Number of protein chains: 2
Amino acid sequence: MERYPAAAARRPARSARAADAAPRNDGTQTIQRAVNVLRVIASRGHAGLRLAEIARHARLERPTVHRILKCLCAEGVAAQDPATRHYRLGHLAFELGLAAAPQFSLRELCAPTLSRLAERIGDTVFLTVRSGYDTVCIDRREGSFPIKALLLDVGTRRPLGVGAGGLALLMPLADAAVEEVARANATRLKAYAGLTVPRLVAMVKRSKSMRYALNDLPVTAGATSIALPIRTRFGDPFAAISVGAIESRMTPARRTELVEWLRAEVEALERLLAEKATL
Amino acid sequence: MERYPAAAARRPARSARAADAAPRNDGTQTIQRAVNVLRVIASRGHAGLRLAEIARHARLERPTVHRILKCLCAEGVAAQDPATRHYRLGHLAFELGLAAAPQFSLRELCAPTLSRLAERIGDTVFLTVRSGYDTVCIDRREGSFPIKALLLDVGTRRPLGVGAGGLALLMPLADAAVEEVARANATRLKAYAGLTVPRLVAMVKRSKSMRYALNDLPVTAGATSIALPIRTRFGDPFAAISVGAIESRMTPARRTELVEWLRAEVEALERLLAEKATL
DNA sequence: GATTTTATTCCAGCATATGGAACGCTATCC
DNA sequence: GGATAGCGTTCCATATGCTGGAATAAAATC
């Protein structure tokens, strides 16, 4: 599953103290590792994962992760299911999130948009933001169509580039930047229908030419999704709105129609954001 | 040099942890400190606070806090307003909160209750949970009365015992337990209308005898609030529902009426929770 | 029930976090 | 406007606190 590139490689065999590659002496190794562990836990969402898995994905030794987790659990940031021994996020993570929420009002800002789209389209609509080399789904609205493609839960972390939302966020970037992101996530991509760096780059290219992101990988069999990026007034993409549905409801004709509706809503949103930011 | 022993002595009373004294050699000092810093930042909510303030509240040296914060900001857990230099929670705190949310469904469970109460009462209704020696407001509903007592924002952390909700959470506890909590929070209480340990103990005692928590301290001038605890089927209080309003709408007669409504709703909630937990 | 895999504890050793000192900057006061 | 106080930041010698290999216990798997 997910490997985090940020996880510092093992301690460099100390050859020359001053010269060589940055010896990292900012005195924050432990915190970096702890935060990384939290990101790994979050990427599994509700299900949680075991110690050994976390150690693998965070590229750390088991005793180290164990010690970190013991502390995080004691503090309430993480929690362990006593039955399965799976680690999950704890109550303090939830509470800190509540305290942070007012500063990230994108969700509220987009709420009417999502509702309108879900009602009009009938399928599931997602709001996704970029977070480093990850994406996080921050909201979701279900449409009325009885077969619902609930492709991802609110709060889910995935490598940037996976899913229509992830593709949309890469679309506006220069080729070099896309390459960089793809390579940073190389190992983690495999878990998504065996996605590879060149494959991802090709999908971004295709999305660019169509002017909307299309995810037809069988990550969830039988489902297809499309997305558009939301950009700041400087053109930087920071979020995406996507629609997921069963394949039969994603014919090229219907996709064209959906993209039109999406584009109108996204443009309205971008205008709204530009206003808000013009100080 | 006695540097660390001194630091150890200054370490604040840890929540949910055995008495200090012990030399603590579990190799997690840094993480504990970082989490503590986050709690301090969260307790200030939207406004944020400066480095020196954080250092004071966390009982740490400025360079130490600075180093921790630099890392937390780089990781996205915290963020700094470049203009005011105030630190706040960052996007990752929000995102981790989203990922943790599904496991803490109390909010959704209580949502109808809060709405009903707010509509019936017309004043502001709060849902608060206990978190160690703190309370956290996890939801709020405004009534229709035009003067709104928005005493605390969702996400706000306060010392356990402050406010009607905090009192309600202490009400069902034995006197010794109340004392313990009050003393653990002694220093922090001062910030709330000069509240002291004996004063708080007395307020809890009064609340016990009235069978509802009453907060008439001038923390917010002109406002009064009342609350009832929500208990597990084992009798442990873990949350509280409170109502805040201007003094003139909190006469003894009206309080009696409000408490009746609150009690009915709380009892219904407790039955619902007992059902859910009986597996 | 044997074997593999995982969770946890221990501890020697040294890399890492620590905090005093120092410096420049900003805010406040008179 | 000059003095003063407090804050933010960098630096670095030091020894503390973190690390991870090894060992052991506990589960999971076959």
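1. **Ground rules.** The model is predicted: local features need pLDDT of at least 70, side-chain atom pairs count only at pLDDT 80 or more, and totals for chains, interfaces and linings use all residues. Residues are numbered from 1 along each chain as its sequence is written, chains are lettered from A and ligands numbered from 1 in the order in which they are written, and side-chain values use heavy atoms, with hydrogens and water left out.

2. **Confidence.** pLDDT is the predictor's confidence in each residue, from 0 to 100. Chain A has a mean pLDDT of 88. In that chain, 90% of the residues reach 70 or more. Residues 1–22 of chain A are another matter: pLDDT stays under 50 there. For this stretch the model has 36 contacts beyond four places in sequence. A contact means heavy atoms within 4.5 Å.

3. **Overall make-up of chain A.** The chain has 10 helices and 8 strands. Both are DSSP runs, numbered from the N terminus: helices are H or I with at least four residues, strands are E with at least two. Of the 279 residues in chain A, 51% are buried. Buried means under 20% relative accessible area, exposed means over 50%, and partly exposed lies in between (1.4 Å probe, protein chains only). Among chain A contacts with a separation of 6 or more, 58% join residues 24 or more positions apart.

4. **The sheet.** Chain A holds an open sheet of 6 strands with antiparallel pairing. Its order is S5-S4-S3-S8-S7-S6. The edges are strand S5 (157–159) and strand S6 (213–215), each pairing on one side only. Neighbouring strands are turned by 30 degrees against each other on average, direction ignored. Those angles come from axes that are lines fitted to C-alpha atoms (for helices, over the stretch in contact), and they run from 0 to 180 degrees between N-to-C directions. Two strands pair if DSSP finds at least two bridges between them. S6(A) and strand S7 (residues 223–231) of chain A are joined by 3 bridges and run antiparallel. Leu214(A) has Ile226(A) in S7(A) as its bridge partner.

5. **How the chains relate.** The same surface serves both copies: 96% of the contact residues of chain B recur in chain A.

6. **Helix H3 of chain B.** This helix covers residues 51–58. Glu53(B), Ile54(B), Ala55(B) and Ala58(B) are buried in it. The buried residues of H3(B) pack against helix H2 (29–44), helix H4 (62–75) and strand S2 (87–89) of chain B. Arg59(B) follows the helix, and its phi is positive, near 55 degrees.

7. **Other positive phi values.** Arg85(A) has phi near 65 degrees, a positive value in a residue other than glycine. It sits in the loop between strand S1 (78–80) and strand S2 (87–89) of chain A. Arg85(A) is exposed, at 57% relative accessible area. Ala193(B) also has a positive phi, near 55 degrees. Its loop lies between helix H9 (186–189) and helix H10 (197–210) of chain B. Ala193(B) is partly exposed, at 43%.

8. **Cysteines.** Cys71(B) is buried, at 4% relative accessibility. Cys73(B) is partly exposed, at 25%.

9. **Ala78(B).** This residue is found in strand S1 (residues 78–80) of chain B. Is it buried or exposed? Ala78(B) is buried, at 3% relative accessibility. Beyond four places in sequence, its contacts include Ile41(B), Leu72(B), Cys73(B) and Arg88(B). Ala93(B) is 15 residues apart from Ala78(B) along the chain, and their C-alpha atoms are separated by 7.3 Å.
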